[in-house]
Amino acid sequence: MDMLMSNLYVFLLATFLGFEVIRRVTPLLHTPLMSLTNAISAISLVGSIVILGEQRTTLTTVLGALAVTASMINVVSGFLITDRMLRMFKQRAPQGKGKGA
Amino acid sequence: MPGTHDPSALGVSVQQVLTQVSYIVAAALFVLSLKWLSSPTTARRGVIAGEVGMVLAIAGTLMLPHIEAFHWILLTFFVGAAVGIPIAVLMPMTAVPQRTALSHSFGGLAVGLVGTAKYYLWVADEPHRLTHFVMGVLAFETILGYLTFTGSLMAFGKLQGILPSRPITYRGQNVVNLGMLLVAIVVGVYLNVDPSQTTLFPVLIGLALAFGTLLIIPIGGADMPTVISLLNSYAGLSASAMGFVLENKLLIIAGALDGSSGFILSIIMCKAMNRSFTNVLFGAFGAVQQKAIEGAEERTVRSAQPEEAASILAAAQSVVVVPGYGLAVAQAQHKVRELYDQLTRRGVDVKFGIHPVAGRMPGHMNVLLAEADIPYDSLLEMDEINPELPHTDVALVIGANDVTNPAARTDQSSPIYGMPIIDVDKARTVMVIKRSMSAGFAGIPNELYYMDKALMLFGDAKAFVGEMVKAIAAEGR
């Protein structure tokens, strides 16, 4: 019961913190925001690794292997594509007469 | 015993302490990661923080005592990376909404699978762990995970063009869908009362998979920004629920962050369309279309050739470009960049006005234009650009329709009445690049096109902008 209550508190605080932090993200970056949070929530990888690593039954090993693969795809592609997108966002060249001038 | 400092006496090994430390640092890094994403200048630092957090969390997990099958873990890591890296590196920016939907579906799948595995493990070996609360959360996690999986797959299919992006509706749809969800909940409650009913668990899974499919199938392409955000929120919430089942606070925190992010984005999208969640999910748009099309009548519009349009643009002092999904479809972003360069070189002040729901996911247009090297300080939000439009010489609408329809401001009978729009009709001249006069997604005729100051530019966005670029370049010499 103690564990449950403290988990609920953690969930509540994390949700409020999430609201406050994410409200400040500029709409300009909403797409990278979504792919970054997606990569972060692939933290379910942690749970999948435990299932796979324990190798208790054939069924759970197969389910675990699929889950680890799916989460790993999200971790890798999520972080990489977020960075790829963010690298594209450039500021205007200082007082430039257009590009390449 | 009080006063004991030997950790092993408390049943805690050094590895377990290290695992816990890695988790708590990872949680802090995830929060910082999102905080740094708030501005383009610190955003890449945010990605690095997230990556370090993830590596720490994985390392901490691998240190847990009962982890044995390292060969399998390495193999699945390898397969995951082998699939993930090409997706991230090769995926064109126009396909980002599809990739996002696909990754939500993978996320949901992973959560569903873990929930399933945990259920069968505990039912067989440790039934005492399946308390009412744990079983309830487990059922919730599993339903949410699997429905996110199929729902996001449907969204992916629609965005990729495998499935028709028009809403697929039939009579009694909402009753069927809600009925199915209700049955799933009843099964979940029954399992809660008697967790040993192992045959019911697959039924629960089947219902969740079917519900996810049927929930998204009727939703049309233009509602995708809201739907993707909502699915993002579900994926996060399901990961958080998994944290409750596994008693892992890192999962709870990361899932809650993702869940609240998706929720905020869905609210922003709904506000930008002046619609409610229920309206998007159980949409009224199918019905709206027919009514609106009846109202359409034959009227004349003014149209222009690329050369004429180009000379108007070149003579302007200020131009606001309003992009929409049509720009993504036509892959016109690089041509638009050339136009931007040509005009900027001539001293024309060019800005972009981005409606929150332009495109197929939040921020879609910004990413496309950034990909084409258009500096991000030229990309303005709706609220920033609207006050400037009355002093703007030319508003150039490319592949956007409903988000520029003045009926949203003036016509109370219009289905989009009350939706915030970009006020292109207040600019001195409005030019609209469009394939034909067909109505937009909502099937609502756009008064804008019949205004005296409006000029229709018929053609493919990419080809037409290309022609204009050539014309301006020729004129410049």
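Predicted model: local features only at pLDDT ≥ 70, side-chain atom pairs only at ≥ 80, totals over all residues.
Me: Which residues of α6(B) are buried, and why do they line one face of the helix?

Reply: A residue is buried if 20 or more other C-beta atoms lie within 10 Å of its own, exposed if 12 or fewer, and partly exposed in between, with C-beta atoms placed from the backbone. An α-helix has 3.6 residues a turn, so residues three or four places apart point the same way. In α6(B) the buried residues are Ala184(B), Val187(B), Gly188(B) and Leu191(B). Seen down the axis of α6(B), they fall within an arc of 100°, so they line one face; the arc is that of the directions from the helix axis to the C-beta atoms.

Me: Which exposed residues does the face of α6(B) turned away from the buried side carry, and what covers the buried residues?

Reply: The face turned away from the buried side of α6(B) has the exposed residues Val175(B), Gly179(B), Leu182(B), Val186(B), Val189(B) and Val193(B). The cover over the buried residues of α6(B) includes α5 (132-160) and α7 (200-216) of chain B. Contact is the criterion: two residues are in contact if their C-beta atoms, placed from the backbone, lie within 7 Å. As for α7(B), its 17 residues reach 25 Å from first C-alpha to last, close to the expected 24 Å. Buried residues of α7(B) include Phe201(B), Leu204(B) and Phe211(B).

Me: How do I read strand pairing, and in what sense do β5(B) and β6(B) pair?

Reply: Two strands pair if DSSP finds at least two bridges between them. Strand β5 (residues 429-434) and β6(B) pair in the parallel sense over five bridges. One bridge joins Val432(B) to Met456(B) in β6(B). Strand β6 (residues 454-458) of chain B is mostly covered, with four of its five residues buried.

Me: Is Ile433(B) buried or exposed, and which residues does it touch?

Reply: Ile433(B), in strand β5 of chain B, is buried, with 29 other C-beta atoms within 10 Å. Leaving out residues up to four places away in sequence, Ile433(B) touches Val397(B), Ile398(B), Gly399(B), Leu457(B), Gly459(B), Ala461(B) and Phe464(B).

Me: How many residues does each chain put into the contact between A and B?

Reply: Chain A gives 80 residues and chain B gives 100 residues. On the side of chain A that touches chain B, α4(A) gives the most, with 27 residues. That side has 45 nonpolar, 25 polar and ten charged residues, where Ala, Val, Leu, Ile, Met, Phe, Trp, Tyr, Cys and Pro count as nonpolar, Asp, Glu, Lys and Arg as charged, and the others, Gly among them, as polar.

Key. Residues numbered from 1 in each chain as written. Chains lettered and ligands numbered in written order. Helix = DSSP H or I, 4+ residues; strand = E, 2+ residues; numbered from the N terminus. Expected span 1.5 Å × (residues − 1).
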